[in-house]
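User: I would like to learn how to read a protein structure. Please take me through it one feature at a time.

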Amino acid sequence: VDQLMTPGVTGTARRGFQKALDVYQGSDNLWKLYAFENEMARYSKAMPDASQEEIERLAAKIVRNTYPTYSLVPRAIKGLRRFPITGTFVSFPYEVARTGYHTIEQTISELKNDNPGIQRIGAQRLTGLAVATTFSSIAGLTSRLLAGVSKDDEDDMREFLPPWMENSQFIHLGEGENGPRVMDLSYSDPYAYLRTPVIAMLRGDDWKKSLMDATGEFFAPYI
């Protein structure tokens, strides 16, 4: 192939690929920059006596822990991408599990802080976490009621589904030619698995154990 391609074509293709990669990484980093500025603003207000450097370090640590940072994926996890019986996107579910753990831990530490301003940040973070983890359930329940499907009918339907969809959250689309039609909402909502540990956290139960159990179920489709 190298002999068939001229240096000019090779260079153009390489530059085009690098440009596409830059755009992809830039769009990913854009939300991290927004989150960093947001954390800076919130903590500067909550900790007026702290130095700019302290606030920056704290904001950077929060964003690093609660947003996907693929440079933190262990080498062993990256190596699974070459393992023949596992899926190719194992880094993504690992980062979902890591950021989910740190998000809950960060929320708890803020709610327990003696500083009222930091407690408000924790309350805001908890609200966002609750909305993110319950949205799919609310949407699924609403669609089921609109489609006229009972809970027993849905449970019966799950008996005919593949193992990786048995506990998924569905959007009901009504009857089709071959029976009820559904969309697997959990497939496009990777943070749905945080629902159980978040509820455990609110109840004062062992949320870390719940997170481990939910993470195991989340990883199952990749194996």
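Predicted model: local features only at pLDDT ≥ 70, side-chain atom pairs only at ≥ 80, totals over all residues.

User: How many helices and strands does the protein chain have?

Analyst: A count of these elements is a plain way to begin. In this case the secondary structure consists of 8 helices and 2 strands. Their order along the sequence is α-α-α-α-α-α-β-β-α-α.

User: What share of the residues of the protein chain counts as buried?

Analyst: A residue counts as buried when its relative accessible area is under 20%. Of the 223 residues in the protein chain, 34% are in that class. The accessible surface amounts to about 14,900 Å², and 59% of that area belongs to carbon and sulfur atoms.

User: What share of the contacts in the protein chain with a separation of 6 or more comes from residues 24 or more positions apart?

Analyst: For contacts with a separation of 6 or more, residues 24 or more positions apart account for 53%.

User: Where does R125 lie, and is R125 buried or exposed?

Analyst: First find the element, then check the accessible area. R125 is part of helix α5, which covers residues 116–147. Its relative accessible area is 12%, so R125 is buried.

User: Which residues does R125 touch, not counting those up to four places away in sequence?

Analyst: Leaving those out, the list for R125 is E39, R42, Y43, I62, T103, Q106, T107 and E110. A separate check uses C-alpha atoms: those of R125 and L111 are 9.5 Å apart, and the two residues are 14 apart along the chain.

User: How many salt bridges does the structure hold?

Analyst: The cut-off is a side-chain nitrogen of Lys or Arg within 4 Å of a carboxyl oxygen of Asp or Glu. The structure holds 7 salt bridges. One of them joins the side chains of E39 and R125, with 3.0 Å from N to O. E39 lies in helix α1 (residues 7–46) and R125 in helix α5, so this pair ties together parts that are 86 residues apart in sequence. E39 and R125 are both buried.

User: Which residue of helix α4 is also paired with R125?

Analyst: R125 forms a salt bridge with E110, and the closest N and O atoms are 2.8 Å apart. Here the pair links distant parts of the chain, R125 in helix α5 and E110 in helix α4, 15 residues apart. Both of these residues are buried. Salt bridges can also be read as a network, and one such network links E39, R42, E110 and R125.

User: What about R98 and E95: how far apart are they along helix α4?

Analyst: Some pairs sit within one element. R98 and E95 both lie in helix α4 (residues 91–111), 3 residues apart, or about one turn of the helix. They form a salt bridge whose closest N and O atoms are 2.8 Å apart. Both R98 and E95 are buried.

User: Where is G117, and how far is its C-alpha atom from that of R42?

Analyst: G117 is in helix α5, and its relative accessible area of 9% makes it buried. The C-alpha atoms of G117 and R42 are separated by 8.4 Å, while the residues are 75 apart along the chain.

User: Which residues gather in a patch of negative charge on the surface?

Analyst: The patch consists of D152, D153, D156, E159 and E166. Take D156 as the example. D156 is in helix α6, residues 151–158. Its relative accessibility is 46%, so D156 counts as partly exposed.

Terms used
Residues numbered from 1 in each chain as written. Heavy atoms only, no water. Patch = residues over 30% accessible without salt bridge, like charges linked within 9 Å, V, L, I, M, F, W, Y side chains within 5 Å. Areas by Shrake-Rupley, 256 points an atom, 1.4 Å probe, with all protein chains shown as cover. Lys, Arg positive; Asp, Glu negative; His and termini not counted. Charge placed at Lys NZ, Arg CZ, Asp CG, Glu CD. Helix = DSSP H or I, 4+ residues; strand = E, 2+ residues; numbered from the N terminus. Buried < 20%, exposed > 50% of the residue type's maximum accessible area, 1.4 Å probe, protein only. Contact = heavy atoms within 4.5 Å.
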